[in-house]
Amino acid sequence: MGVRTSLWKNSSFLKLWLAQLTANIGDQCYSFALLWYLLQTTKSGTALSLLAVPEMVAGLLFYLIGGVLADRCNPRLLMAGTDVARIGVVLAVGVMTVFGARQFSFFLAAQFMLGVFSSLFQPARTVALKSIVPLEQLSRANGILDTTFRTVRILAPMTIGLVASAVPLSTLFFVNAGSYLLSVLFVCTIGMTKRTDSGPASKLSVRQYGADIATGVNELRQNRSLLSILLFSNLGYLVWLVTYNVGFPFLAERMEQGNGSTLAMLMGFYGVGNLLGSLYMSRASYSRHLFVILMGWVAQAGGFLLLTAGGTFHWIAFLGAAIAGVGGPLIGIPTVTAIQLKAKDAHIGKVYAINMLMFTFFGMLSSTLGAVWLGKLPVEQLFLTSGLFLAALSAVGLLIEKRNQTEKHQSFDA
């Protein structure tokens, strides 16, 4: 109880939490408004599916730059600056929708710019959290932030839908801009401890960027346990993305002959599982980060295997979706916490950026596999193949984790 009270009495953490809360609510307003506006103006499923591409490309190009800047610059100023930049983007989108713009290329460009600023913001937030929260509370702090994000993602769409029916759709973009402004105000008042091992904040050349990135890569080469954590936390996305994006819609169609409400229920149960897993992680105490991550993939595997029977037994599908959802926070939260604890302070941003690059790479590879193979399988085979892959991945990871623990104990005894 004392730990919980002290964390919430940490004014800097509370301000960071409020900044994320307001920004998350605004992001939900933006996503809802953009999807609905483009659906009305383009009537194209292809156009909607392309919206995620610019953000992924931006991540591939800018995550490492964001990691370097987060390690060298003041992360508080970097977060505030990127939020100000995002205000400009969403205001521009709002103005364009007021005038009924139909240039799809403009909205793709806006998504790319938001992806760029997100790639700069996220490493900075990871570094900032390490500066304002005691080490023993990092896992709980990450859990609280994750729980907040998932709660907003579940609850906000229902409220936003009611608001959107009463005001012009473009209003939601301006609400998003206001949420970023609040986030800036909260972020600017965060107090952080001075980092003594960060690099100089002077203007960097391309060569210096390359040298900094090389130090991040070298950190992982020397820190094999952290490298194992990053690999096993991301390898599962090789099948996860296509299973979620393709398997869930096709299973819903199989269950109710195309009834969209069934897909919403499946995703809702998955979201509830996410929230339960996140709530558990916000209270859990652990030191074996890789073990917790592998348990997350075990939950995903079990959920996917249950979903193979979902077409016949609908209640099993909803149960399987919830169980799979529990695994998400068990994977994501320990990964970020391990980066903050195991990487040197001067390299946290770069290592986090490398982790996000790995996530993006495996996500894009998953989409490619979906297009050429996995997405063409009958839905039961898709869930079965993905579940077995994740089970095998977990088994291999547990063997490695057990070996590492044995070597660690032997080294301690010696």
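Glutamine 28 is found in helix H2, which covers residues 11-42. The model is a predicted one. Glutamine 28 has a relative accessible area of 17%. The cut-off for buried is under 20%, so glutamine 28 counts as buried. Leaving aside residues up to four places away in sequence, glutamine 28 touches Val152, Arg153, Ala156, Pro157 and Ile160.

**Cysteines**

Next come the cysteines. A disulfide is a covalent bond between the sulfur atoms of two cysteines. How many disulfides does a search of the whole structure find? The search finds zero. Cysteine 188 is in no disulfide. The nearest cysteine sulfur to that of cysteine 188 belongs to cysteine 73 and is 15 Å away. A disulfide needs the two sulfur atoms within 2.5 Å, so the distance of 15 Å rules out this pair.

Is cysteine 29 buried or exposed? Cysteine 29 is buried, at a relative accessible area of 6%. Cysteine 188 is partly exposed, and its relative accessible area is 43%.

| Helix pair | Residues | Axes come within | Crossing angle |
|---|---|---|---|
| H4 and H15 | 52-72 and 348-372 | 7 Å | roughly 170 degrees |
| H11 and H13 | 237-256 and 289-307 | 12 Å | roughly 30 degrees |

Take H4 and H15. Their axes cross at roughly 170 degrees. Angles over 145 degrees count as roughly antiparallel, so H4 and H15 are roughly antiparallel to each other. Which residues make the contact? From H4 come Met56, Gly59, Leu60, Tyr63, Leu64, Gly67, Val68, Ala70 and Asp71. From H15 come Ile348, Gly349, Lys350, Ala353, Ile354, Met356, Leu357, Thr360 and Met364. The residues of this contact of H4 with H15 divide into twelve nonpolar, four polar and two charged.

Now H11 and H13. Their axes cross at roughly 30 degrees. Angles under 35 degrees count as roughly parallel, so H11 and H13 are roughly parallel to each other. H11 passes H13 in a left-handed crossing. On the H11 side, Tyr237, Trp240, Thr243, Phe248 and Leu251 take part in the contact. They meet Trp297, Gln300, Phe304 and Leu307 of H13. How do the residues of the contact of H11 with H13 divide? Seven are nonpolar, two are polar and none is charged.

Definitions and conventions
Residues are numbered from 1 along each chain as its sequence is written. This is a predicted model: local features need pLDDT of at least 70, side-chain atom pairs count only at pLDDT 80 or more; totals for chains, interfaces and linings use all residues. Side-chain values use heavy atoms; hydrogens and water are left out. Axes are lines fitted to C-alpha atoms, for helices over the stretch in contact, and angles run from 0 to 180 degrees between N-to-C directions. Helices (H or I, at least four residues) and strands (E, at least two) are DSSP runs, numbered from the N terminus. Angles under 35 degrees count as roughly parallel, over 145 as roughly antiparallel, 65 to 115 as roughly perpendicular and the rest as oblique. Contact means heavy atoms within 4.5 Å. Ala, Val, Leu, Ile, Met, Phe, Trp, Tyr, Cys and Pro count as nonpolar, Asp, Glu, Lys and Arg as charged, and the others, Gly among them, as polar. Buried means under 20% relative accessible area, exposed over 50%, partly exposed in between (1.4 Å probe, protein chains only). A crossing is left-handed if the near helix is turned anticlockwise from the far one by less than a right angle, and right-handed if clockwise.
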